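Please look over the sequence and the model shown here before reading on. The briefing that follows goes through chain totals, helices and sheets in turn.

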Amino acid sequence: MFRPKALGGALTALATVAAGVFFATAVSTSPAVAAGTGSGYLHTNGNQIVDSTGATVRLTGINWFGMETDNKTFHGLWSNNPWRGQLDTMARLGYNTLRVPYSNDALKPGATASGINDFVNPDLIGLSPLQILDKVIDYAGSKGMRIILDRHRPTSAGQSPLWYTSTVSEATWINDWKMLAQRYAGNPTVIGADLHNEPHAEGTNPAATGACWGCGDTTRDWRLAAERAGNAILGVQPNWLIFVEGVSCPSGGLSNVWDGDTSNDEDCGWWGGNLSKAGQFPVRLSVANRLVYSPHEYATSVYRQTWFDAPDYPANMPAIWDKYWGYLYKQNIAPIMMGEFGSTLVDPKDKVWLEKLMAYTGTGVTGMSFTYWSWNPNSGDTGGIALDDWTNVNTTKQAILQPYLIAPSGGGPTGGPTGGPTGGPTGGPTTPPPGACTATYRQVNAWQGGFQGELTVKNTGTAAVNPWSVTWTWPSGVTLGSGWNATVSQSGTTVTAAAPSHAPSLAAGGSVTVGFTANGTASAPGAVKLNGAGC
């Protein structure tokens with residue numbers, strides 16, 4: 001996660017915010033850019049990220065943490081909101097990328113995931129952390145989202161200043177990355193590796209023991225370690241982007257404020273946030289156009305840096321960002337993907353900070369990429385976009401981020417040149433002729449007192465159905481538990497799955513899969529209809 005240059009810093013309690021759901025507004029794109037996160041693998045071109053066709057892509061994502069903790073899987077799986085439902089909300093709000101923190105503990109053979117609500121997420125029962133990650137990647141990919149994997153901690157016990165510890169070697173770090181690169185080779189949903197989270201200073205100058213940048217010491221120089229790991233990954237998966245964070249103090253050491261000697265003091269920033277030496281000492285990768293610099297940036301709820309109390313705050317902030325990392329983007333050296341930033345917004349200064357920071361990243365598809373910290377409401381320093389129920393959304397934060405979000409293709413409203421959905425007449429919902437659809441049911445899981453299933457309905461007609469709605473019947477005593485990929489409700493024995501607002505049209509030849517959990521004896525849906533016409 002995050003820490004400032006200082007060793008201390010009180011953690012602020014999670015703010016109490018009013019519940020409410022914020023829906024994404026339309027984001028229009030020009031023909032010169034890719035829709036959502038584009039197609040195929042991504043690479044870089046100057047300070048831009050582009051897709052396989054060369055179209056510009058902006059990653060506007062969010063962090064969903066937990067796999068780096070003792071749970072070894074995503075937090076919030078204990079809530080009443082199914083894991084797919086949480087991804088549905090992220091995509092609907094406009095987050096097109098998911099940054100997934102993990103620890104090497106979660107990758108070990110025999111690692112077990114905990115903190116899962118079996119009733120809400122029965123399809124995760126008995127799966128390993130990596131198998132759960134597989135399912136999240138597959139579903140996120142079906143929504144047009146991209147995945148960045150983040151080596152957040154060597155072990156679930158906590159972060160480390162260096163990329164290795166006494167129990168987790170550099171070889172383990174690199175070999176685990178190579179394993180992940182091989183596991184997801186050929187799956188362009190997974191676009192890259194954030195090599196190590198928040199390298200930072202340790203020990204006091206001049207006897208520094210923490211991560212430095214450009215110091216030349218192979219045991220501490222994060223720039224050199226990033227090259228070793230990045231090139232090892234590219235040797236296995238040359239299509240991945242390599243995300244490299246900064247350090248906190250370029251020397252790798254903290255100033256000794258008690259010695260009265262300021263000659264060794266240096267300008268330090270957030271853990272992982274100081275890329276001031278990357279221009280002089282760039283990361284050199286074996287495959288061109290794969291490097292993305294990924295600083296972290298926080299507000300007073302994490303630590304009250306001196307610049308927050310400067311007389312000219314917040315006008316002083318752009319120059320600070322320029323110095324630490326923004327120059328890399330402004331000088332067209334490399335793209336910036338701000339991997340973490342966030343706040344509880346308890347202090348009024350933090351709201352101003354977030355507004356100023358987002359404006360600094362730029363508007364539209366050519367702006368700097370980012371992944372907000374975090375989706376999780378249980379982040380003590382920042383809170384989350386999700387509220388404590390893991391379903392409703394902090395509308396204050398979302399409203400500030402919203403103008404900068406570019407929804408994944410298929411994930412949220414994209415506006416388009418016409419400003420609205422297409423495919424059906426303007427007078428109302430289209431109704432296919434009888435027999436112009438097919439229905440296929442698959443029971444995914446079953447347990448005592450309930451089951452999980454997927455109903456796939458295909459529009460076999462010659463015109464789009466807009467908006468679409470699927471209905472079916474269940475025997476008496478079978479009741480709906482939860483649903484996803486649609487707004488699912490039940491009245492009597494009839495279940496209705498209405499099109500979500502972000503995907504109202506079902507194209508000719510297209511299909512939709514409605515997932516659900518239910519209570520009662522496992523039963524296949526009967527009398528399936530698409531907009532009233534039997535399948």
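**Briefing on the predicted model**

In β19, A498 is the bridge partner of T487, one pairing in a predicted model in which local features need pLDDT of at least 70, side-chain atom pairs count only at pLDDT 80 or more, and totals for chains, interfaces and linings use all residues. Residues are numbered from 1 along each chain as its sequence is written, and side-chain values use heavy atoms, with hydrogens and water left out. The chain holds 7 helices and 22 strands, where helices (H or I, at least four residues) and strands (E, at least two) are DSSP runs numbered from the N terminus.

**Chain totals**

- Of the 535 residues in the chain, 56% are buried, where buried means under 20% relative accessible area, exposed over 50% and partly exposed in between, with a 1.4 Å probe and protein chains only.
- Among the contacts in the chain with a separation of 6 or more, 77% are between residues 24 or more positions apart, a contact being heavy atoms within 4.5 Å.

- Helix α1 (residues 83–93) is mostly covered, with 11 of its 11 residues buried; among them are W83, R84, L87, M90 and L93.
- The cover over the buried residues of α1 includes the strands β4 (60–63), β5 (97–103), β15 (450–459) and β17, together with the helices α2 and α7 (395–401).
- Just after α1, G94 takes a positive phi of about 115°.

**Residue K135 in helix α2**

- K135 has its place in helix α2 and is partly exposed, with a relative accessible area of 24%.
- Leaving aside residues up to four places away in sequence, K135 touches W83, R84, D123, L124 and L127.
- K135 and R84 are 51 residues apart along the chain, and their C-alpha atoms are separated by 9.5 Å.

**Helix packing**

- Two packed helices are described by the angle between their axes and the distance between the axes.
- Helix α5 (residues 317–330) packs with helix α6 (residues 348–361) at an angle of about 30°, with the axes 12 Å apart; axes are lines fitted to C-alpha atoms, for helices over the stretch in contact, and angles run from 0 to 180 degrees between N-to-C directions.
- α5 and α6 are therefore roughly parallel to each other, on a scale where angles under 35 degrees count as roughly parallel, over 145 as roughly antiparallel, 65 to 115 as roughly perpendicular and the rest as oblique.
- On the α5 side the contact is made by M317, P318, W321, D322, W325, G326 and K330, and on the α6 side by W353, K356, L357 and Y360.
- These contact residues of α5 with α6 divide into 7 nonpolar, 1 polar and 3 charged, with Ala, Val, Leu, Ile, Met, Phe, Trp, Tyr, Cys and Pro counted as nonpolar, Asp, Glu, Lys and Arg as charged, and the others, Gly among them, as polar.
- The axes of helix α2 (residues 129–142) and helix α3 (residues 170–183) come within 13 Å and cross at roughly 40°, and α2 and α3 are therefore oblique to each other.
- The crossing of α2 and α3 is right-handed, and its contact is made by L130, Q131 and D134 of α2 with M179, L180 and R183 of α3.
- By class, the contact of α2 with α3 has 3 nonpolar, 1 polar and 2 charged residues.

**The sheet of 5 strands**

- This open sheet has the order β18-β19-β16-β21-β22, with antiparallel pairing, two strands being paired if DSSP finds at least two bridges between them.
- Its edge strands are β18 (487–491) and β22 (533–534), each of which pairs on one side only.
- β18 and strand β19 (residues 494–498) pair in the antiparallel sense over 5 bridges.
- Strand β16 (residues 469–473) and strand β21 (residues 526–530) pair in the antiparallel sense over 3 bridges, and T471 stands opposite K529 in β21.
- β21 and β22 pair in the antiparallel sense over 2 bridges, with K529 opposite G534 in β22.
- In the hairpin of β21 and β22, which has 2 residues between the strands, N531 takes a positive phi near 50°.

**The sheet of 4 strands**

- A further open sheet has the order β14-β15-β20-β17, with antiparallel pairing.
- β14 (437–447) and β17 (479–484) stand at the edges with a single partner strand each, so one side of each is left without a neighbour in the sheet.
- β17 and strand β20 (residues 511–519) pair in the antiparallel sense over 5 bridges, and the bridge partner of T479 in β20 is N519.

Definitions and conventions. A crossing is left-handed if the near helix is turned anticlockwise from the far one by less than a right angle, and right-handed if clockwise.
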